[in-house]
Amino acid sequence: MAFVVAATWKAKPGEAERVTEVIKKMTPLSRAEPGNVFYQAQVNPEDPETFFLYEQYADAQAYEDHKNTPHFQENVFGYILEYLAERSVKTYETIDA
């Protein structure tokens, strides 16, 4: 079973490039974390200030570990939140079949 995170980031007007830069920095670092299963960001082609991040972790603890990494603390909590108009994070658990 995986722990899934679906995050939506809406950049403030004129800040989409800055958000993209942070995502490009965070992606390889997040993918390298031991509990990461999948990490991929997307941008809405009809609204280039809206980003969707789809992430999978081995379990909820691995997601908590992700949020506590230096790169997350520095780039998300310590930097990018200032440039976002909106941010939502929803979590899910996969259904074993």
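1. The model is predicted. UniProt, in an unreviewed entry, places the feature "domain: ABM" at residues 3-92.

2. Strand β1 (residues 3-11) is mostly covered, with seven of its nine residues buried. It pairs with strand β3 (residues 47-57) in the antiparallel sense over eight bridges; here Phe3 stands opposite Tyr57 of β3. β1 is also joined to strand β4 (residues 84-93) by nine bridges, and these two strands run antiparallel. In that pairing Ala7 stands opposite Val89 of β4.

3. Asn36 lies in strand β2 (residues 36-44). Its relative accessible area is 13%, which is under the 20% limit, so Asn36 counts as buried. A polar atom of the Asn36 side chain lies 3.3 Å from the backbone nitrogen of Phe38. Setting aside neighbours within four places in sequence, Asn36 is in contact with Ser30, Arg31, Gln56 and Tyr57.

4. Ala16 lies in helix α1 (residues 16-31). Ala16 is buried because its relative accessibility of 17% is under 20%. Not counting residues up to four places away in sequence, Ala16 touches Ala11, Pro48, Glu49 and Phe51. The C-alpha atoms of Ala16 and Tyr83 are separated by 8.6 Å, although the two residues are 67 residues apart along the chain.

5. The count of aromatic pairs comes to five. Phe72 and Phe77 form an edge-to-face pair, 5.0 Å centre to centre with 85° between the planes. Ring pairs also link Phe3, Tyr57 and Tyr63 into a cluster.

6. Are Phe72 and Phe77 buried or partly exposed? Phe72 has a relative accessible area of 5% and is buried, whereas Phe77, at 40%, is partly exposed.

7. Tyr83 also has a charge placed over its ring: the charged end of Arg18 sits there, 4.1 Å from the ring centre.

How values were computed. Residues numbered from 1 in each chain as written. Predicted model: local features only at pLDDT ≥ 70, side-chain atom pairs only at ≥ 80, totals over all residues. Heavy atoms only, no water. UniProt positions renumbered as here; feature names shortened; annotations may be inferred. Helix = DSSP H or I, 4+ residues; strand = E, 2+ residues; numbered from the N terminus. Buried < 20%, exposed > 50% of the residue type's maximum accessible area, 1.4 Å probe, protein only. Polar contact = N/O pair within 3.5 Å; in protein donor to acceptor, adjacent residues only side chain to side chain. Contact = heavy atoms within 4.5 Å. Pairing = 2+ DSSP bridges. Phe/Tyr/Trp six-rings, centres within 6.5 Å; stacked < 30°, edge-to-face > 60°. Lys NZ or Arg CZ within 6 Å of the ring centre and 35° of its normal.
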